[in-house]
Amino acid sequence: MAFSEIDDNLWSIISDYLPPQKPHTGRPRSDLRLLMNGILFVLTTGCTWSDVPEKYGTKSTVHRFHQYLCENRAYQGIFFDLLQRGYDLKIVDLSHCSIDTKSIPAKKGVSSDLMAIRE
């Protein structure tokens, strides 16, 4: 799968869930958009954190930001918002999805739900 960086439309959605910029005291924070692109680079390409291109920040900074987003449940908010916008725009259609193996027919064409009722 080819990696593409976050465009402006997606960034406008994601940026609402990221931490606010720190005041100008002390060391300045890394560019959050570059850090998000670094995280998406790892997740899209399947490379290790040590293979993150330097333009996105150091491997430890990108990984630490990923951990911060996990711990503060930012990904859940981002994913929920993107999913909701997909429903609103009629892009997401779950009518052809399977939740788990219970909805897949078992041997001889009997679904596992019916097998559970028979037992």
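**Notes on the helices and aromatic pairs**

1. The expected span is 1.5 Å times one less than the number of residues, and helices here are DSSP runs of H or I with at least four residues, numbered from the N terminus.

2. On the basis of these values, please bear in mind that this is a predicted model, in which local features need pLDDT of at least 70 and side-chain atom pairs count only at pLDDT 80 or more, while totals for chains, interfaces and linings use all residues. Residues are numbered from 1 along each chain as its sequence is written, and side-chain values use heavy atoms, with hydrogens and water left out.

3. After H2 comes Gly46, whose phi is positive, near 80 degrees.

4. Within H2, the buried residues include Leu32, Leu35, Met36, Gly38 and Ile39, where buried means under 20% relative accessible area, exposed means over 50%, and partly exposed lies in between (1.4 Å probe, protein chains only). Leu32, Leu35, Met36, Gly38 and Ile39 meet Thr61, Val62, Phe65, His66 and Leu69 in H3, contact meaning heavy atoms within 4.5 Å.

5. H2 and H3 pack at an angle of about 90 degrees with their axes 9 Å apart, the axes being lines fitted to C-alpha atoms over the stretch in contact and the angles running from 0 to 180 degrees between N-to-C directions. That makes H2 roughly perpendicular to H3, a label that applies from 65 to 115 degrees.

6. The whole structure holds 5 aromatic pairs. In one of them, the ring centres of Phe65 and Tyr68 are 6.4 Å apart and the planes stand at 10 degrees, so the pair is stacked (rings of Phe, Tyr and Trp, the last by its six-membered ring, pair with centres within 6.5 Å; planes under 30 degrees apart count as stacked, over 60 as edge-to-face and the rest as tilted). Phe65 and Tyr68 are 3 residues apart in H3, about one helical turn; Phe65 is buried at 7% relative accessibility, whereas Tyr68 is partly exposed at 34%.

7. Tyr75 and Phe79 are also stacked, with ring centres 6.0 Å apart and planes at 15 degrees. Both lie in helix H4 (residues 74-88), 4 residues apart; Tyr75 is buried at 12%, but Phe79 is exposed at 54%.

Technical notes
Helix = DSSP H or I, 4+ residues; strand = E, 2+ residues; numbered from the N terminus. Parallel < 35°, antiparallel > 145°, perpendicular 65-115°, else oblique.
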